[in-house]
Amino acid sequence: MRPCCVPSIARATLLEESVRAAAERVRVNRGSPEDMIKFEPARFLMGTEYPGGFAEDGEGPVRAVRLDAFYMDRGPVTNDQFTEFVTSSGYVTEAERFGWSFVFHGEGSRSPEETQTPVGLPWWRKMPGAKWNAPEGPDSLIAGRMDHPATHISWNDASAYAAWAGKRLPTEAEWEFAARGGLEQKLYPWGDELTPGGLHLCNIWQGTFPTLNTADDGYSGTSPVTAYPPNGFGVFTITGNVWEWCGDWWSPDFHQTASRLNPVGPRVGRSKVMKGGSFLCHASYCNRYRVAARTSNTPDSSCSNIGFRCVRDL
Ligand SMILES: [Cu+2]
């Protein structure tokens, strides 16, 4: 796979069982559709054959996919919402169980000497104590960022939240349909031009990756989930800001032959699909802030640029 702006290192999965058990203990809500968008049954063209994309990720072929009706959160789950989940359920995230999470170099509250840089991931640091409510490590706070997406959330954590909320993670097809905003085969949720009229419509990297982020879009890290105008469906910050977990197991070629009706990905796998790109994406390195772009990470991975949003059935 072509390099991506997410650190993709599997942590030991021995805690998976305990995470699952914790998820089963938490209170399950009714799954209120409040602040969700209702999507009627639809057919859309999924994937892309865009020559500037990453064909080896399995972005193509373009195929007609049909979906049943569903509700989707307008934005990624915020720090505010995640606080409510943790407060009411007592859930402990995997970053807290492991005692560390990945932060982008320059982001951390500890010096490089106090942290480890994983092999092949020169701009990531294993930050002791980094977690959803201390995103840059010890002494960092989410105060002032309660309307930003919750980060340092593993797929397992996101699934636990979804179960608590009476919801689930979106399939990749549901996610991409929502992201396209009713447009057909466009690169971005609003069209084919990244900054129409010079206007920034998502939170990605400007400048020179990975050394200089000029933050021309207003943010060098995460942004509030409603920082930019929504797409044609009313969906906020679905590209850029943070990567979003999907329910599907990852495969670069499974969908060549998969069902075109409510596709759900392979039955088994090692990593989960993520969509949307993040505030670290830059055309020079990882232009995965396109709606058809995709990548993956192991279900126990967490870092400062991965979050999630939920869907629910009618
Ligand atoms: Cu990226």
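Okay, housekeeping before anything else. Since the model is predicted, local features need pLDDT of at least 70 and side-chain atom pairs count only at pLDDT 80 or more, while totals for chains, interfaces and linings use all residues. Residues are numbered from 1 along each chain as its sequence is written, and side-chain values use heavy atoms, with hydrogens and water left out.

So, the overall picture. We've got five helices and 13 strands; those are DSSP runs numbered from the N terminus, H or I of at least four residues for helices and E of at least two for strands. The chain has 314 residues, and 56% of them count as buried. Buried here is under 20% relative accessible area, exposed is over 50%, and partly exposed is in between, with a 1.4 Å probe and protein chains only. Take the contacts (heavy atoms within 4.5 Å) with a separation of 6 or more: 75% of them come from residues 24 or more positions apart.

Let's zoom in on helix α2, residues 79-89. Asn79, Phe82, Phe85 and Val86 are buried there. They sit on the same side of α2, because they cover an arc of only 120° around the axis, going by the directions from the helix axis to the C-beta atoms. What do those buried residues pack against? That would be α4, residues 155-164.

Now charges. The whole structure has 14 salt bridges, meaning a side-chain nitrogen of Lys or Arg within 4 Å of a carboxyl oxygen of Asp or Glu. One of them joins arginine 290 and glutamate 59, with the closest N and O atoms 2.8 Å apart. Arginine 290 is in the loop between β10 and β11 and glutamate 59 in the loop between β2 and β3, so this pair ties together parts that are 231 residues apart in sequence. Buried or exposed, that arginine 290? Buried, at 1% relative accessible area, and glutamate 59 is buried too, at 2%.

Then there's lysine 275 with glutamate 172, 3.2 Å from N to O. That one links strand β10 to helix α5, so parts 103 residues apart in sequence get tied together. Lysine 275 is buried at 0% and glutamate 172 at 5%. Through shared partners, salt bridges join Glu172, Glu176, Arg180, Lys275 and Arg294 into one network.

For another setting, look at arginine 74 and aspartate 35, whose closest N and O atoms are 3.6 Å apart. Arginine 74 is partly exposed at 30%, and aspartate 35 is exposed at 53%.

Last topic, rings. There are 25 aromatic pairs; Phe, Tyr and Trp rings (six-membered for Trp) pair if their centres lie within 6.5 Å, with planes under 30 degrees apart called stacked, over 60 edge-to-face and the rest tilted. Tryptophan 123 and tyrosine 285 have centres 5.2 Å apart and planes at 85°, so they're edge-to-face. Both belong to a cluster, linked by ring pairs, of Trp100, Phe102, Phe104, Trp123, Trp124, Trp205, Phe209 and Tyr285.

Trp100 also has a charge over its face: lysine 126, at 4.5 Å from the ring centre. To count, NZ of Lys or CZ of Arg has to be within 6 Å of the ring centre and within 35 degrees of the ring normal. Lysine 272 does likewise over tryptophan 249, at 3.8 Å.
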